[in-house]
Amino acid sequence: MADLGTSENPLRVAIVGSGPAGFYAAEHLMKDDERAVEVDIYDRLPTPYGLVRAGVAPDHPKIKSVIRVYEKTAARPGFRFFGNVEVGKDVSVAELRRHYNAVLLSYGTSVDNKLGIPGEDLPGSHSATEFVNWYNAHPDFADVTYDLSCKRVVVIGNGNVAADVARMLALSREELETTDTADHAIEALADSEVEEIVVLGRRGPAQAAFTNPEVRELGEMSQADVIVAPADMELDEISRAYVESEDCDPTNRRNVEIFQEFSQRTPQGKKQRIVLRFLCSPVEIRGDGKVEKVVIGRNELVESEGRVSARDTGEREEIECGLVLRSIGYRGVPLEGLPFDERRGLIPNHGGRITDPETGEQIPGLYANGWIKRGPSGVIGTNKKDAHETVSNMLEDLHAGRIPEPAEMLEHAGLEAWLSERVPEHITFEHWRNIDAAEVAAGEPHGRPRVKFVTVREMVEAARRDAGSASSSEPADKTPV
């Protein structure tokens, strides 16, 4: 047999997950014309792009322009997309390993961390990720409802997701209607009775994980004043020393400056208020059958072995509210046939090479990148460097002869026939273009970038419409609402 990576015997890679991590990995794999590589990306949703579609705030359309880079990758010969295929359910990791030289796991960290406090499971207490998915038209959350008849919402966390949630809760109907926010969310958010959004951070303003643009935007809301108590900007000794040191991250230093400016503002009496609180941790959520208040503990910062953490002082305060949204980090979920680090919520790996947790040895042909590799950190572009590391190690293994031959190599047509038998309604990239075109067409009359489908059934019907596929079922005449 010809050497692996040649036109006669191309390197065949299955990537699980079509978000930025998956597409950047595909780009790095396929950009060298001297190396023959075929890449199939699998995703459980009919739509590609992961968090770029379902996680980026709808009022940040420029961030989504990165999709144009992914489209160039998808146009390369040897690339295929198989959407509406859930690895671990429709096909197994073991089966992918039988048909591909390498399997690259890029499916992210989709489960929110829990607070671990009494009352966390009361109705009205949710993860911020679920809320983000809901307003971004993720089909898993199309039927979820949120009670926005309350006067106050508490958002727990000091990262960009928390900032996005606070901002979305304070956008006007006019602002929402120029975005690709799900229609059901536009109606609910526009009719919201929420007057105050309180954002809680367990550490101080110098440790907040927001990026500078996200913080600035909170101070530019058309119908919400941003409130920071001057007392919260009296930095403790640890924070002051950090901000004044050369070790201070410029982002953190600039955040402190922005918070200080907020603290000097006189409220303009806008319809809503976004209140940023620091050194506060929820210790209990209370209510009679639903969320009615959050008990918070006041914290102080302590430093040990170079690490700054928040310590409960024992001081308590109650905040009345009707909705709690937690945004305190994420963890991955295990897939059968893969090792998994339950403590960290990640796939154990070394530089993207998946390892046996008992021996520490590399498992040939298995790789990881993105959040499931390193944890939920960084921005979209961070995944490009991360993918480069994993792919470089995979190619090093290729040149060293460490990539295994699959047990059952199938040609393109054979593999697609196998997949069609398993998932008759799997979605190709051509099918996705049909979904994309239908959503964009639905948005044009209203001056919106698109109107998203919100159910898998609608997506599949739009995908197969005019697709000319012999396996296509006759779609119902549905358009986005």
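Reader: Why do H1 and H3 count as oblique to each other in this model?

Author: Two packed helices are described by the angle between their axes and the distance between the axes. In this predicted model, H1 and helix H3 (residues 67–74) pack at an angle of about 45°, with their axes 9 Å apart. Angles between 35 and 65 degrees fall in the oblique class, so H1 and H3 are oblique to each other.

Reader: What is the handedness of the crossing of H1 and H3, and which residues make the contact?

Author: The crossing in which H1 passes H3 is left-handed. From H1, the contact uses Pro20, Phe23, Tyr24, Ala26 and Glu27; from H3, Val69, Tyr70, Thr73 and Ala74. By class, 7 of the residues in the contact of H1 with H3 are nonpolar, 1 is polar and 1 is charged.

Reader: At what angle and axis distance does H1 pack with H13?

Author: Helix H1 (residues 20–30) packs with helix H13 (residues 382–399) at about 45°, and their axes lie 8 Å apart. H1 and H13 are therefore oblique to each other. H1 passes H13 in a right-handed crossing. H1 contributes Pro20, Ala21, Tyr24, Ala25, Glu27, His28 and Leu29 to this contact, and H13 contributes Asn383, Lys384, Ala387, His388, Val391, Met394 and Leu395. The residues of the contact of H1 with H13 comprise 9 nonpolar, 3 polar and 2 charged.

Reader: Turning to the sheet, is the pairing of the 6 strands parallel or antiparallel?

Author: Strands of a sheet pair through backbone hydrogen bonds, either parallel or antiparallel. Here the pairing is parallel, in an open sheet with the order E6-E14-E7-E8-E10-E9. Strand E6 (125–127) and strand E9 (224–227) are the edge strands, each pairing on one side only. On average, and with direction ignored, neighbouring strands of this sheet are turned by 20° against each other.

Reader: How many bridges join E7 and E8, and which helix lies across these strands?

Author: Strand E7 (residues 152–156) pairs with strand E8 (residues 196–200) over 5 bridges, in the parallel sense. Val154 stands opposite Val198 in E8. Helix H6 (residues 160–169) lies across E7, E8, strand E10 (272–277) and strand E14 (323–326), and runs at about 175° to E8.

Reader: Where is the pLDDT below 50?

Author: Where pLDDT is low, the predicted coordinates should not be read in detail. The protein averages a pLDDT of 93, and 96% of the residues score at least 70. Over residues 467–481, the pLDDT is below 50; this stretch has 24 contacts in the model beyond near neighbours in sequence.

How values were computed:
Residues numbered from 1 in each chain as written. Predicted model: local features only at pLDDT ≥ 70, side-chain atom pairs only at ≥ 80, totals over all residues. Heavy atoms only, no water. Axes fitted to C-alpha atoms, helices over the stretch in contact; angles between N-to-C directions. Helix = DSSP H or I, 4+ residues; strand = E, 2+ residues; numbered from the N terminus. Parallel < 35°, antiparallel > 145°, perpendicular 65-115°, else oblique. Left-handed = near helix turned anticlockwise from the far one by under 90°. Contact = heavy atoms within 4.5 Å. Nonpolar A, V, L, I, M, F, W, Y, C, P; charged D, E, K, R; others polar. pLDDT = per-residue confidence, 0-100. Pairing = 2+ DSSP bridges.
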